[in-house]
Amino acid sequence: MEKVCCFGEVLLRMSPAFELTWLQTNDMPVYLGGAELNVAMALKHWDIPVRYISAVPANGMGKSVAAYVAQSGIDTTSMIFSGNRVGVYYLPQGTDLRHAGVIYDRAHSSFSQLQPGSIDWGRALEGVDWFHFSAISPPLSDNVNALCLEALRAAEKKNITISVDLNYREMLWANRPDPRTVLPELVSYCHVVMGNIWSADKLLGIPNDNSGQAHTDAAQWAEIATGAAAGIFAAFPKVHTVANTFRFDQERGLCYFACLDQKVSRAISPVFRATTIVDRVGSGDCFMAGLIRGIKAGASPEAIVSFAAAAAFGKLQEKGDSTRQTIEQIKKIQQQYA
């Protein structure tokens with residue numbers, strides 16, 4: 001089986017408790033993550049060969065991170081050792097990356113210092129049939145954005161399927177150009193787009209009409225998602241699959257569901273509900289991994305979106321950035337909501 005290649009920045013998540021308790025107890029959990037690494041970890045856990053490309057410093061910290069990823073069974077032969085530091089972000093426990101309390105400390109990280117020509121893409125993409133990246137990388141710098149474009153052009157020449165996660169982080173774009181002047185060029189190379197109707201607007205300028213819709217009415221949201229997907233298909237002719245996820249906080253927990261639009265079909269996942277949440281980070285990455293798994297296997301749209309959504313929902317009950325759920329555990333979630 002050919003490999004999936006995930007390209008992006010490896011990050012350390014510092015997860016302090018709210019207020020000052022973490023200072024009083026001298027305790028702050030640290031998790032290894034980053035959107036693309038979370039996808040790679042899930043795929044490997046489901047026995048799909050995967051290569052991960054990032055940059056870490058050639059010091060004890062960087063070597064430990066690279067060794068940990070390699071010990072997970074992920075191919076790290078194209079990892080770049082350069083620069084001086086690993087990127088970090090701080091996120092209070094129980095919140096997610098859209099929370100106002102998130103603090104990014106990625107300036108001058110090894111990955112942010114990469115430039116076009118830093119990676120031999122011909123070699124890095126050997127034995128690869130799928131390339132995945134996310135919208136988190138381009139806002140780091142003009143050079144990283146150019147490197148992403150370089151990777152996509154190399155993948156296209158090799159007829160590799162390309163996917164992107166439109167994970168919009170407002171803080172990352174605060175001192176950068178309008179993302180709608182940056183992301184469209186990258187997405188023009190993509191075949192699979194995952195995100196939500198709001199990120200499609202913020203990053204690609206694809207409008208949506210979500211006025212007056214009930215948060216729990218999946219059918220109505222699916223209509224809106226299909227409209228947004230149609231806009232993506234029209235603007236980016238190479239795209240053949242668009243997935244939109246919906247996660248709404250409610251008085252008692254949350255509800256989660258997803259829609260999958262292809263040019264000739266549409267499928268909606270069951271609506272999953274939870275009264276408690278262990279960790280909000282990484283559910284979208286888990287969905288992305290499920291999406292890649294299903295498409296590579298040639299599954300039906302219904303099977304693809306049901307598995308991916310169940311996996312993402314299950315991730316909400318796990319601590320850490322990447323999932324450790326087995327396929328059997330995810331299928332049990334599917335059965336509960338079938």
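## Valine 164

In this predicted model, valine 164 is buried, since its relative accessible area is 0%, and buried here means under 20%. The residue has its place in strand E10, which covers residues 161–165.

Leaving aside neighbours within four places in sequence, valine 164 is in contact with His132, Phe133, Ser134 and Ala135, with Val187, Cys190, Val192, Val193 and Met194, and also with Met288. Asparagine 38 lies 126 residues apart from valine 164 along the chain, and the C-alpha atoms of the two are separated by 14 Å.

## Strands E1 and E4

Strand E1 (residues 3–7) and strand E4 run parallel and are joined by 4 bridges; within this pairing, cysteine 5 stands opposite arginine 51 of E4.

Strand E4 spans residues 50–53, with Val50 and Tyr52 pointing one way and Arg51 and Ile53 pointing the other way, and all of these residues are buried.

## Helices H9 and H10

The axes of helix H9 (residues 283–297) and helix H10 (residues 301–315) come within 8 Å of each other and cross at roughly 155°. Because angles over 145 degrees count as roughly antiparallel, H9 is roughly antiparallel to H10, and the crossing of the two helices is right-handed.

On the H9 side the contact is made by Ser283, Cys286, Phe287, Gly290, Leu291, Arg293, Gly294 and Ile295, which meet Ile304, Val305, Phe307, Ala308, Ala309, Ala311, Ala312 and Lys315 in H10. Sorted by class, the contact of H9 with H10 has 11 nonpolar, 3 polar and 2 charged residues.

Notes
Residues are numbered from 1 along each chain as its sequence is written. This is a predicted model: local features need pLDDT of at least 70, side-chain atom pairs count only at pLDDT 80 or more; totals for chains, interfaces and linings use all residues. Side-chain values use heavy atoms; hydrogens and water are left out. Axes are lines fitted to C-alpha atoms, for helices over the stretch in contact, and angles run from 0 to 180 degrees between N-to-C directions. Angles under 35 degrees count as roughly parallel, over 145 as roughly antiparallel, 65 to 115 as roughly perpendicular and the rest as oblique. A crossing is left-handed if the near helix is turned anticlockwise from the far one by less than a right angle, and right-handed if clockwise. Contact means heavy atoms within 4.5 Å. Ala, Val, Leu, Ile, Met, Phe, Trp, Tyr, Cys and Pro count as nonpolar, Asp, Glu, Lys and Arg as charged, and the others, Gly among them, as polar. Buried means under 20% relative accessible area, exposed over 50%, partly exposed in between (1.4 Å probe, protein chains only). Two strands pair if DSSP finds at least two bridges between them.
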